[in-house]
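Please open the model in your viewer with the sequence panel beside it, and keep a selection tool at hand. The tour moves from the whole chain to single residues, and each stop says what to select.

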Amino acid sequence: MKATIGGKLKSRKQRRHKQTKLNLVSLMDIFTILVFFLLVNSSDVEVLQADKTIKLPESTSTQKPETTTVVRVNGEQLIVGNRAIVQIADIPASHEQIKPLLDELKYLASRAEPLSEEQQATGRPITILGDEEVPYALLKQIMNTCAAADYRDIDLAVTQAAAEGPAAAGS
């Protein structure tokens, strides 16, 4: 028996409007795994503010720095946090300390909570991001200024390089 034209059109129409079902179980599994992956891996990374004008030296140290006050120095200016303090050209080389930096660090210390007994021995923590081309004399001035403002727990930021060991030396 042949189907009539109306029957053929009706069956085609029914095939076109068939409801498709989306399997949400596998999609939920993927997102659950993704959430756990991101939670586990996000806590291991310490990101300091990137500054394109500073090229950090490389180090093989695996110790991670704590979040502290950050002093950035490039070839042009000295920056504490996000605030430019002084131009490098305006810093006299004959002085042991940099007055504008000292004033800013003392101001930040006055706004911070008092040091505990344990912290009084080491001083307040600070991280210095210095371009690898910064002269040692300037870096020494910055560290002397930090120590004078009671920021004696000084960390120098570096870019982590691959560790050189027996496996790396043989390659």
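**Before selecting anything**

This is a predicted model, in which local features need pLDDT of at least 70 and side-chain atom pairs count only at pLDDT 80 or more, while totals for chains, interfaces and linings use all residues. Residues are numbered from 1 along each chain as its sequence is written, and side-chain values use heavy atoms, with hydrogens and water left out.

**The whole chain**

Show the protein chain as a cartoon, and six helices and seven strands can be traced; these are DSSP runs numbered from the N terminus, with helices (H or I) of at least four residues and strands (E) of at least two. Followed along the sequence, the pattern is α-α-β-β-β-β-α-α-β-α-β-β-α. Switching to a surface display brings up an accessible area of about 13,200 Å², of which carbon and sulfur atoms hold 56%; such areas come from the Shrake-Rupley method with a 1.4 Å probe, and for residues only the protein chains shown count as cover. Of the 171 residues, 24% count as buried, where buried means under 20% relative accessible area, exposed means over 50%, and partly exposed lies in between (1.4 Å probe, protein chains only). Among contacts (heavy atoms within 4.5 Å) with a separation of 6 or more, 67% are between residues 24 or more positions apart.

**The largest nonpolar core**

Select next Val71, Leu78, Ile98, Leu101, Leu138 and Ile142, which touch the most other members of the 22-residue largest nonpolar core. Such a core is a set of buried Ala, Val, Leu, Ile, Met, Phe, Trp, Tyr and Cys residues joined through side-chain atoms within 4.5 Å. At least two residues of this core come from each of strand E2 (69–73), strand E3 (77–80), strand E4 (83–87), helix H3 (99–111), strand E5 (125–130) and H5. In soluble globular proteins, nonpolar side chains tend to be buried together.

**Along helix H5**

Beyond residues up to four places away in sequence, glutamine 141 touches Ile91, Pro92, Ala93, His95, Glu96, Gln97 and Ile98.

**Three salt bridges**

A search of the whole structure finds three salt bridges, each defined as a side-chain nitrogen of Lys or Arg within 4 Å of a carboxyl oxygen of Asp or Glu.

- Select arginine 83 and glutamate 104, whose closest N and O atoms are 2.4 Å apart. Arginine 83 lies in strand E4 and glutamate 104 in helix H3, so this pair ties together parts that are 21 residues apart in sequence. Arginine 83 is partly exposed at 49% relative accessibility, whereas glutamate 104 is buried at 9%.
- Select lysine 99 and aspartate 103, which meet at 3.0 Å, N to O; both lie in helix H3, four residues apart, about one turn of the helix. Lysine 99 is exposed at 54%, and aspartate 103 is partly exposed at 36%.
- Select aspartate 150 and arginine 152, with closest N and O atoms 2.2 Å apart. Aspartate 150 sits in the loop between H5 and strand E6 (153–156), and its phi is near 70°, a positive value in a residue other than glycine. Aspartate 150 is partly exposed at 26%, as is arginine 152 at 35%.

**A nonpolar surface patch**

Finally, select Leu22, Leu24, Leu27, Met28, Phe31, Leu34, Phe37 and Leu38, a nonpolar surface patch with about 830 Å² of accessible area together. Patches are made of residues with over 30% relative accessible area and no salt bridge, like charges being joined within 9 Å and nonpolar side chains (Val, Leu, Ile, Met, Phe, Trp, Tyr) within 5 Å. Leucine 38 lies in helix H2 (residues 24–42) and counts as partly exposed at 48% relative accessibility.
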